[in-house]
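Trainee: I would like to go through the salt bridges of this protein. Can we take them one pair at a time?

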Amino acid sequence: SWLLIKDLHFDGVPVRIYLPKKPPAGKRRGVIFFHGGCGIYGSIRCYERVCRYITRKSDSVVVSVGYHLAPEHKYPAQTLECLAATVHFLQTADTYGVDPARIIVCGDSAGGTYATSVCQELVHRTGIPKIRAQVLIYPFLQALNFNLPSHQRNASIALLSRDRTVHVILKYLNKDCSLKEQILAGSHVPESMNLKYRKWISPDLIPEEFKRGYKPPSPASFSPQVHEEVQELFESRFSPLLAEDAVVCLLPDTCIVTCEHDMFRDEGLLYKKRLEDNNVKVTWHHVQKGFH
């Protein structure tokens with residue numbers, strides 16, 4: 001009774017838009033929401049209550065993006081559809097009573113990945129309003145190192161274990177799932193790449209309070225064949241932590257939510273550090289008893 005809800009298409013992408021019925025004092029804020037589910041699961045319907053809640057509590061217009069799922073729609077279709085829907089909303093915000101200068105992107109898990117990628121892809125785009133902020137809820141941000149402290153600590157956690165994470169990544173990319181053990185060990189990453197990205201992805205960058213019980217893994221032997229098979233893992237669109245500083249320094253204000261009992265905890269911590277090192281304003285919330 002509080003909301004007007006419409007199913008629409010933005011540039012061919014299914015969306016559900018939630019508009020408060022109460023007359024606004026002025027232009028409202030806009031929220032573009034990307035749901036989680038590893039790019040394989042989830043839907044607009046699954047996140048109905050979440051989006052209604054955000055709309056009511058923030059008195060914002062929320063757009064929930066129903067990007068098409070893998071493997072039927074192959075990567076990077078999901079990111080590209082999120083990008084297309086975002087650009088459409090930025091260009092048509094006035095139609096929905098939204099201030100185009102006050103639009104944020106938000107997502108959880110893989111939705112957080114898409115939100116991150118969309119912001120990175122838009123930093124150099126001209127002719128459209130800028131994203132005001134990004135809200136990243138335990139996002140997946142890199143596929144180079146699966147032996148960070150949070151990976152070890154939560155390797156057997158319910159819902160999203162370490163093995164299941166890599167298995168789902170391979171399913172999402174339509175790859176041979178027998179590559180899982182080599183990727184978990186790090187055999188897909190050449191030493192030159194490990195050296196290059198150590199400044200951004202390393203247990204040394206994780207605060208000490210999050211490293212209790214951590215044991216550095218044995219070095220993995222590099223497999224050129226596996227490396228060639230999973231080239232997508234090294235794209236910044238898939239692993240946003242690999243974006244260059246020239247992109248990261250232009251990103252909008254950011255809110256990052258991490259959970260203690262979550263495989264992806266450390267990726268959020270690493271991205272927080274990268275953003276702060278590039279003078280991007282960051283608000284960080286850590287849920288001590290939270291899980292993915």
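The questions below concern salt bridges in a predicted model.

Trainee: How many salt bridges are there by the distance rule?

Mentor: The rule asks for a side-chain nitrogen of Lys or Arg within 4 Å of a carboxyl oxygen of Asp or Glu. Counted that way, the total is 17.

Trainee: Is arginine 28, the partner of aspartate 59, buried or exposed?

Mentor: The closest N and O atoms of this pair are 2.9 Å apart. Aspartate 59 sits in the loop between helix H1 and strand E4, while arginine 28 is in strand E3, 31 residues apart. Aspartate 59 is partly exposed at 35% relative accessible area. Arginine 28 has 8%, and under 20% counts as buried, so the answer is buried.

Trainee: Which residue forms a salt bridge with aspartate 253?

Mentor: Aspartate 253 belongs to strand E7, and its partner lies 121 residues away in the loop between helix H3 and strand E6. The closest N and O atoms are 3.0 Å apart, and the partner is arginine 132.

Trainee: Which helix holds lysine 180, the residue that meets aspartate 163 in a salt bridge?

Mentor: The N to O distance for this pair is 4.0 Å. Aspartate 163 is partly exposed at 33%, whereas lysine 180 is buried at 19%. Aspartate 163 lies in helix H5, so the bridge ties parts 17 residues apart in sequence, with lysine 180 in helix H6.

How values were computed. Residues numbered from 1 in each chain as written. Predicted model: local features only at pLDDT ≥ 70, side-chain atom pairs only at ≥ 80, totals over all residues. Heavy atoms only, no water. Helix = DSSP H or I, 4+ residues; strand = E, 2+ residues; numbered from the N terminus. Buried < 20%, exposed > 50% of the residue type's maximum accessible area, 1.4 Å probe, protein only.
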